Amino acid sequence: MLPPLTFSPLYRHYLWGGRRFESFLGRQLDQAGPYAESWELVDRGEDQSVVRAGPLAGQRLGDLLQMHTAELLGSSQQAVFPLLFKFLDANKVLSVQVHPDDAAAARRTPPDRGKTEAWYVIDAEPGSRIYAGLREGVDRQALAAAIAAGRCEELLHGFEPAVGDCIFIPAGTVHAIGAGLVVAEIQQSSDVTFRLFDWNRVDAAGQPRPLHLEEGLATARCTGPVTPVRKQQTADPAVKRLVDCEFFGFDEVTPASSWQTSGGACEFLAVLAGEVCLPSQWSLPPLKRGDCLLLPAALEPQLLTCRTAPGDTCRLLRVTIPAA
């Protein structure tokens, strides 16, 4: 039987990143310069999560999925792992983007999935902003005109987020993550992004990054502002449902001294606060802030022991895959 799986992160060094994976998540960063994204769960071609501990150390997620599909995913059997989980350090504002849905992404060469995603704010500097959706009444024509005039920001719905906010971004939603935020993101495993606006930035040679206006404007849904989700209490007092969509379930978990996973379905956990210990049979070290864990569907429910400093609360994020 597949054991609980921990993976080594894959880092992405984009110009908007910072160093807070080191200062906030306690990571050792081996290179100088910005670290923008830490991919914690991925199965996309050569981009693979690799098991970092236990009897399967060195194995790639995609290979495990091919050999143990039902054991890993249960009834939701798919040829590749359908989701990607990452941490983002937005030291600078990201470009204004939009992603296609499944139907539009499938028509591309090569075909891909669409990209519906959700963000959970885990650190926010004062004055930081999230841009999600457009202001009321903005249509494609107005959006195109604002982009051409270099004033796209005027038509975006923006707000100052709080730690613990979750923002659901269905495919087609115009969006950007502002400077000063550390965010956990769950998304469909897709790499299709259309850049609509880059805040009039240019590189050292005075050249702007390319935009994808025709595809992006065709993809954009002009459906008004997007605000943080309302967290829904579940039958488990430790669990609040953040997002329940056709691609993933997304939960905030605040256990007391212990908490039992569901079992019978693939679950992915990310520790945001406190320390989490698995049953001793797995011989895995305690999971600390920024550590992640994949629990295969074939596992029985696991009793996790939680430890915190006095007055603190253990906090996890949980991702599940809907049944087929």
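Guide: Helices (H or I, at least four residues) and strands (E, at least two) are DSSP runs numbered from the N terminus, and in these terms Ser 190 is found in the loop between strand S14 (181-188) and strand S15 (194-197). The model is a predicted one, in which local features need pLDDT of at least 70 and side-chain atom pairs count only at pLDDT 80 or more, whereas totals for chains, interfaces and linings use all residues. Residues are numbered from 1 along each chain as its sequence is written, and side-chain values use heavy atoms, with hydrogens and water left out.

Ser 190 has a relative accessible area of 4% and therefore counts as buried, a word that means under 20%, with exposed meaning over 50% and partly exposed in between (1.4 Å probe, protein chains only). A polar atom of the Ser 190 side chain lies 3.4 Å from the backbone nitrogen of Val 192; a polar contact is a pair of N or O atoms within 3.5 Å, where within protein one must be able to donate a hydrogen and the other to accept it, and residues adjacent in sequence count only if both atoms are side-chain atoms. Not counting residues up to four places away in sequence, Ser 190 touches Arg 44, Asp 112, Arg 113, Gly 114 and Lys 115, contact meaning heavy atoms within 4.5 Å.

Two other loop residues can be described in the same way. Ser 49 belongs to the loop between strand S5 (47-48) and strand S6 (50-51), and it is buried at a relative accessible area of 0%. The side chain of Ser 49 places a polar atom 2.8 Å from the backbone nitrogen of Val 42, and Val 42 is also one of the residues with which Ser 49 is in contact, among them Phe 7, Glu 40 and Gln 59. Pro 9, although 40 residues away from Ser 49 in sequence, is 7.0 Å away in space, C-alpha to C-alpha. Thr 261, in the loop between strand S19 (258-260) and strand S20 (267-273), is buried at 3%; a polar atom of its side chain lies 2.8 Å from the backbone nitrogen of Gln 302, and its contacts beyond four places in sequence include Leu 295, Pro 301 and Gln 302.

As for the chain as a whole, its secondary structure comes to six helices and 24 strands, and 52% of the 324 residues count as buried. Among contacts between residues at least 6 apart in sequence, 74% join residues at least 24 apart. Along its principal axes the C-alpha trace spans about 60 × 45 × 40 Å. The radius of gyration is 20 Å, which agrees with the value near 20 Å of a compact globule with 324 residues, where the radius is taken over C-alpha atoms and the globule rule is 2.2 Å times the number of residues to the power 0.38.

A nonpolar core is a set of buried Ala, Val, Leu, Ile, Met, Phe, Trp, Tyr and Cys residues joined through side-chain atoms within 4.5 Å. The largest has 41 residues, of which Phe 81, Phe 85, Phe 87, Phe 248, Phe 250 and Leu 294 touch the most other members; a second, separate core of 20 residues includes Tyr 131, Leu 143, Leu 155 and Leu 217.
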